[in-house]
Amino acid sequence: MQKFHTAEEAALKLRPDQPVYCFRPKVLIEDARRFQALFPGKTAYAVKTNGEPMVVETLLKAGVTAFDVASPAEIDTVRRFSASAELLYMHPVKAQSDIRLALETHRIRTLVVDHEDELSKVHRIVQGLDIDPGEITIFVRIQTKGSAAYELSKKFGAAPSQAVELLERLGRLGYRLGLCFHVGSQIADPDTYERALASADWVRNRANVDIAALDVGGGFPAVYGRDPRRKAVEMPSLEEMMARLRADIQEWGFGDMELVAEPGRVIVAQAYSLIVRVLLRKGRRLYINDGIWASLSDSWTGKITLPARFIPDPAIRNRNGDPATVVPYRVCGATCDSVDILTRPFWLPETVDTGDWIEIGNIGAYSLSLRTHFNGLYPNSFVEVATPFGQEGAPQGFASLETMA
Ligand SMILES: Cc1ncc(COP(=O)(O)O)c(C=O)c1O
């Protein structure tokens, strides 16, 4: 992988017509270590967020020893680099053949269920393989209510009373028990974890079983862009949020059990930026060479404002407009699909033109993992960049990041 000091240097040297991902391994290592230092339990990186080999390899170097996986392909990704990393199979709805593969071939001993039929499916396979249920930790996932860019309890999680029944049945069958939740991705309300802990406590108090572990899932927010027209979102820093979570865990009486978190976004978002090119400027619309079917679907569905930095092409000698005036542009993606228009604008100087580049910051989460081959467009070029996004000196455009208080 070619190495550059900044993304701007990469853009001006390579003059890329295709999108280029700028990977920052040092940022990834720092963000992983920061999370591990703050969370008082096991950090299981959610591979779905970004399962690129370079990410998994770098996280292993950073000392991450556990991974949340959701499919055989994710299991293979981790196993390519580590035979000993602990794998937690945390998809609530799994194919029978995948459960068998996980238990038999990969010797995974941590799974999740949120329904009695999933429980029966898992138990049949455990019996068929003649495994002692006491060797397996099964987490029961409960529904939670919160405020997040992605609400995940609409699809997964047992209602509290169902969770009680599931735990009691699993207990009778002899499994080691855990409770888990996922408060939604990119939470927008710091009280969210406490509400989930209160539900977990309700379930625990009614289930007549021993609970050995609590998994608080993901949801920890990454830093994205700031839309000057919208009220700034008041979110505490990760340090503050974790201090509160640690206190809440103690207060709700979960402090003595094994604790797990499955962070994705907060660990990998800042590790990548993306250089895109303006294929055409039409008034206040920019047609770029990436879009919702490639790296930008998370910003589209999650209505996330991405931080964008202007990298002007020095070959463009005459420009219209005032370089100091920053304006919102509608961003149209590269495919022929008219849905492929971002839900949030890029804020850039008036002078942006066809042929310029834009560096999109903090794009490491749910970007590479959601790329499709639609229209034959599949960004897959990488460079390594040393300087963290937003620290390359004065931005030539709007690169302001949402600050966390
Ligand atoms: C089961 C599970 N764990 C962890 C994550 C990672 O969440 P986040 O990126 O919000 O940290 C997800 C994301 O969808 C998930 O579904």
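Predicted model: local features only at pLDDT ≥ 70, side-chain atom pairs only at ≥ 80, totals over all residues.
Start with the overall layout. Where the domains meet, 17 residues of domain 1 and 15 residues of domain 2 take part in the contact. On the domain 1 side of this contact there are 9 nonpolar, 6 polar and 2 charged residues.

Next, look at helix H3, which spans residues 53-61. Its buried residues are Val 55, Val 56, Thr 58 and Leu 59. Viewed down the axis of H3, these buried residues fall within an arc of 165°, so they line one face of the helix. What do the buried residues of H3 pack against? Their partners are helix H2 (25-38), strand E3, helix H4 (72-81) and helix H10 (265-268). Just after H3 comes Gly 63, with a positive phi of about 95°.

Strand E3, one of the elements that H3 packs against, covers residues 42-46. E3 runs parallel to strand E12, and 2 bridges join them. Within this pairing, Thr 43 has Ala 261 of E12 as its bridge partner. Strand E12 also pairs with strand E11, residues 213-215. These two strands run parallel as well and are joined by 3 bridges. Here Asp 215 stands opposite Val 260 in E12.

Now step back along the chain from E12. The loop between helix H9 (238-251) and strand E12 (258-261) contains Gly 253. Is Gly 253 buried or partly exposed? Within 10 Å there are 13 other C-beta atoms, whereas a buried residue needs 20 or more and an exposed one has 12 or fewer. Gly 253 is therefore partly exposed. The C-alpha atom of Gly 253 lies 8.0 Å from that of Asp 201, although the two residues are 52 residues apart along the chain.

Finally, turn to the ligand. How many residues surround the ligand? There are 17, and the closest are Ala 46, Ser 185, Gly 218, Gly 264 and Arg 265. By type, the shell around the ligand consists of 7 nonpolar, 7 polar and 3 charged residues.

Technical notes:
Residues numbered from 1 in each chain as written. Helix = DSSP H or I, 4+ residues; strand = E, 2+ residues; numbered from the N terminus. Pairing = 2+ DSSP bridges. Arc of directions from axis to C-beta. Contact = placed C-beta atoms within 7 Å. Near = placed C-beta within 6 Å. Nonpolar A, V, L, I, M, F, W, Y, C, P; charged D, E, K, R; others polar.
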